[in-house]
Amino acid sequence: MTSTDIPDGFEPLFRKSPLTEPWEPLYAKKTDKAVIIGLRLAKPHTNGRGLIHGGLIAALADNAMGYSCAQATGWTTSFVTVSLTVDFAGSAEIGQWCSIESDVIKTGKTICFAQCLVKADDVAIARASGTFRVVPKKG
């Protein structure tokens, strides 16, 4: 795999936001249990030392877990973040493939719990957990 290849199954991220727009292109892969977000790391994703920025990790972990909660509930509700915790276990550099792989722990009528691993070339560099409030979609 070259530094520009996108792994099989990933397609352009289906939902855009002003926050993530500068980080494009972003990709997503839907599984039975989760929405995996992926990206090929580039200069806009880094800190002053050229390593992936922790803020990017936190934001994309939040997105991946929220999308995974939405998928687990059949996309019938929306979610807002109540709590987000990120533990950093490593770093990543420009050119590596970064994936955010979520697992929905429990969904309920008012709360959804999820966790994820952030990986760079299949090596875990962070883990995150999130609590999300269910917000019913309006008409």
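A: Cys-69 is buried, at a relative accessible area of 0%; buried means under 20% relative accessible area, exposed over 50% and partly exposed in between, with a 1.4 Å probe and protein chains only. This is a predicted model, in which local features need pLDDT of at least 70 and side-chain atom pairs count only at pLDDT 80 or more, while totals for chains, interfaces and linings use all residues. Residues are numbered from 1 along each chain as its sequence is written, and side-chain values use heavy atoms, with hydrogens and water left out.

Q: Which residue does Cys-69 join in a disulfide?
A: Its partner is Cys-112, with an S to S distance of 2.3 Å; a disulfide here is a pair of cysteine sulfur atoms within 2.5 Å. The link is left-handed, with -85° about the S-S bond.

Q: Why does that pair tie together separate parts of the sequence?
A: Cys-69 lies in helix 1 and Cys-112 in strand 6, so the bond connects parts that are 43 residues apart in sequence. Helices (H or I, at least four residues) and strands (E, at least two) are DSSP runs, numbered from the N terminus. Cys-112 also counts as buried, at 0% relative accessibility.

Q: How many disulfides does a search of the whole structure find?
A: The search finds 1. Cys-98 is in no disulfide, and the nearest cysteine sulfur, that of Cys-116, is 9.9 Å away, which is too far for a bond. Cys-98 is buried at 1%, and Cys-116 is buried at 4% relative accessibility.

Q: Changing topic, what is the strand order in the sheet?
A: The open sheet of 7 strands runs 1-2-3-5-6-7-4, with antiparallel pairing; two strands pair if DSSP finds at least two bridges between them. The edge strands, each pairing on one side only, are strand 1 (11–12) and strand 4 (77–88).

Q: And where does helix 1 pack?
A: Helix 1 packs on the sheet, where it touches strand 2 (27–30), strand 3, strand 4, strand 5, strand 6 and strand 7. Its direction makes about 140° with that of strand 4; axes are lines fitted to C-alpha atoms, for helices over the stretch in contact, and angles run from 0 to 180 degrees between N-to-C directions. Contact means heavy atoms within 4.5 Å.

Q: Which residues touch the most other members of the largest nonpolar core?
A: They are Leu-39, Ile-52 and Ile-100, in a core of 34 residues. Such a core is a set of buried Ala, Val, Leu, Ile, Met, Phe, Trp, Tyr and Cys residues joined through side-chain atoms within 4.5 Å. Helix 1 gives the most to this core, with 10 residues. Leaving aside neighbours within four places in sequence, the contacts of Ile-52 include Leu-41, Ala-92, Cys-98 and Ile-125.

Q: Finally, how many aromatic pairs does the structure hold?
A: The structure holds 4; rings of Phe, Tyr and Trp (its six-membered ring) pair if their centres lie within 6.5 Å, and planes under 30 degrees apart count as stacked, over 60 as edge-to-face and the rest as tilted. Phe-10 and Trp-97 have ring centres 5.1 Å apart and planes at 70°, so this pair is edge-to-face. Both Phe-10 and Trp-97 are buried.

Q: Which residues do ring pairs link into a cluster?
A: The cluster consists of Phe-10, Tyr-27 and Trp-97.
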